[in-house]
Amino acid sequence: MAIEAISIFLLGMVTNVDTPLWQFAPVFALYGVGVGLAIAQLTNVTLSDIPVQYSGVGSGANNTVRQVGAAIGIAVLGAVLTGQITSTGKEMLAANTTIPAPIKIGIAQALDKGLAGEAYQTPASPGGTGGDQQLGAAINGSFAVAISKRVKDRTTAGSRFVLMGAVSSRFIPNHSIET
């Protein structure tokens, strides 16, 4: 879990608007190693106190709880991240001087409705002028910065929680040692 926490922290450190994709590969590889080592040990610890005749039921319950926890965790983190991106996107939008006020209002309204994906996709005008391209770049830039800032914040917070889990796992009693 310590490897997992370090990799999540590193993910936040490398995440920027202009980070090339290849820089994420070693971080995700490290994360995969950490998760792989952690899940195997957590399953072992969970099932070690269950009598052999109930190991199938215990394993099923363990997997169900893990899957439900992962689904709820992803939903909560997704909601928090979406809210953060929306608020930061609106701040970046307000500070941008390239985007005209009527378009800012439309994008802000789309963000308020939770349509972040549609909010930054502006239709291109037929024949597309340089101004349209500049406007599209300004809108996309604002959202890219908002997303990368919030991903950095959330990964830093996430790494702290995983690190707390790693530290607290050191306090799990070891029943295999006879006293």
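Two aromatic rings of Phe, Tyr or Trp make a pair if their centres lie within 6.5 Å, and a pair counts as stacked when the planes are under 30 degrees apart. With that in hand, look through this predicted model and you'll find one aromatic pair. The partners are Phe-24 and Phe-28: their ring centres sit 6.2 Å apart and their planes are at 25°, so we call the pair stacked.

Where do Phe-24 and Phe-28 lie? Both belong to helix 2, spaced four residues apart, or about one turn of the helix. Their surroundings are worth a look too. Phe-24 has 14% relative accessibility and so counts as buried, while Phe-28, at 48%, counts as partly exposed; the cut-offs behind those words are under 20% for buried and over 50% for exposed.

Now follow helix 2 to its neighbour. Two packed helices are described by the angle between their axes and the distance between the axes. Here helix 2 covers residues 24–47 and helix 3 covers residues 55–95, and their axes come within 10 Å and cross at roughly 135°. Helix 2 and helix 3 are therefore oblique to each other, since roughly antiparallel would need an angle over 145 degrees. As for handedness, helix 2 passes helix 3 in a right-handed crossing.

Which residues do the meeting? On the helix 2 side you have Ile-39, Thr-43, Thr-46 and Leu-47, and on the helix 3 side they meet Gly-58, Ser-59, Asn-62 and Arg-66. Sorted by class, this contact of helix 2 with helix 3 comes to two nonpolar, five polar and one charged residues, with Gly counted among the polar ones.

How values were computed. Residues are numbered from 1 along each chain as its sequence is written. This is a predicted model: local features need pLDDT of at least 70, side-chain atom pairs count only at pLDDT 80 or more; totals for chains, interfaces and linings use all residues. Side-chain values use heavy atoms; hydrogens and water are left out. Axes are lines fitted to C-alpha atoms, for helices over the stretch in contact, and angles run from 0 to 180 degrees between N-to-C directions. Helices (H or I, at least four residues) and strands (E, at least two) are DSSP runs, numbered from the N terminus. Angles under 35 degrees count as roughly parallel, over 145 as roughly antiparallel, 65 to 115 as roughly perpendicular and the rest as oblique. A crossing is left-handed if the near helix is turned anticlockwise from the far one by less than a right angle, and right-handed if clockwise. Contact means heavy atoms within 4.5 Å. Rings of Phe, Tyr and Trp (its six-membered ring) pair if their centres lie within 6.5 Å; planes under 30 degrees apart count as stacked, over 60 as edge-to-face and the rest as tilted. Buried means under 20% relative accessible area, exposed over 50%, partly exposed in between (1.4 Å probe, protein chains only).
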